[in-house]
Amino acid sequence: ERIHLQGKSEYILGLTDPESGVSVDIDLTDVGAWESGVSRRHARIFRQYGQFFIEDLRSANGTFFNEIRLEPGLSQLLHSGDMIKLGILRMCVELS
């Protein structure tokens, strides 16, 4: 899957769950996120100083950046073409 980021300064990735009141900016439900081990609030992508970063939000199955597992709360600089993995769901980042 591809995530295209533009306009906003922060995106929460995960699963919207109306029963618990959890909503996210990028809902991955339609791309098999439940089956892939994506948490409701899995990761955060944010813009700082004109660049995008990703951080894990203490997800159950981890956030991976170019195959390296991120420590929760520590951010990693993103570039177009980077691969991120939430659980086992793989995505390519496009920045504009």
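Colleague: How many aromatic pairs does the count come to here?

Modeller: One aromatic pair. Keep in mind that this is a predicted model.

Colleague: Which rings are in the pair, and how do their planes sit?

Modeller: Check the angle between the planes. Under 30 degrees counts as stacked. Phe46 and Phe53 have ring centres 5.6 Å apart and planes at 20°, so this pair is stacked.

Colleague: Are Phe46 and Phe53 buried or exposed?

Modeller: The cut-off for buried is under 20% relative accessible area. Phe46 has 8% relative accessibility, so Phe46 is buried. Phe53 has 15%, so Phe53 is buried too.

Colleague: Which charged residues lie over the face of a ring?

Modeller: Take two cases. Lys8 lies over the face of Tyr11, at 5.5 Å from the ring centre. Lys85 lies over the face of Phe64, at 4.6 Å from the ring centre.

Colleague: Now the strands. How do strands of a sheet pair?

Modeller: They pair through backbone hydrogen bonds, and the sense is either parallel or antiparallel. Here, β2 (residues 10–14) pairs with β4 (residues 41–48) in the antiparallel sense, over five bridges. Tyr11 has Ile45 in β4 as its bridge partner. Leu13 has Ala43 in β4 as its bridge partner.

Colleague: How many bridges join β4 to β5?

Modeller: Six, and β4 and β5 (residues 51–56) run antiparallel. Gln48 stands opposite Gln51 in β5. The two strands form a hairpin with two residues between them. Tyr49, in the turn, has a positive phi of about 55°.

Colleague: What is the order of the strands in the open sheet?

Modeller: Read across the five strands: β3-β2-β4-β5-β8. The pairing is mixed.

Colleague: Why is one side of β3 and of β8 left without a neighbour in the sheet?

Modeller: β3 (26–27) and β8 (76–77) stand at the edges. Each has a single partner strand, so one side of each has no neighbour in the sheet.

Colleague: What about the nonpolar side chains? Where do they tend to be in soluble globular proteins?

Modeller: In such proteins, they tend to be buried together. In this model, the largest nonpolar core has 19 residues. Leu13, Leu28, Ile45, Leu78 and Ile84 touch the most other members.

Colleague: Which elements give two or more residues to this core?

Modeller: They are β2, β4, β5, β9 (83–86) and β10 (89–95). β10 gives the most, with three residues.

Methods:
Residues numbered from 1 in each chain as written. Predicted model: local features only at pLDDT ≥ 70, side-chain atom pairs only at ≥ 80, totals over all residues. Heavy atoms only, no water. Phe/Tyr/Trp six-rings, centres within 6.5 Å; stacked < 30°, edge-to-face > 60°. Buried < 20%, exposed > 50% of the residue type's maximum accessible area, 1.4 Å probe, protein only. Lys NZ or Arg CZ within 6 Å of the ring centre and 35° of its normal. Pairing = 2+ DSSP bridges. Helix = DSSP H or I, 4+ residues; strand = E, 2+ residues; numbered from the N terminus. Core = buried A, V, L, I, M, F, W, Y, C linked by side-chain atoms within 4.5 Å.
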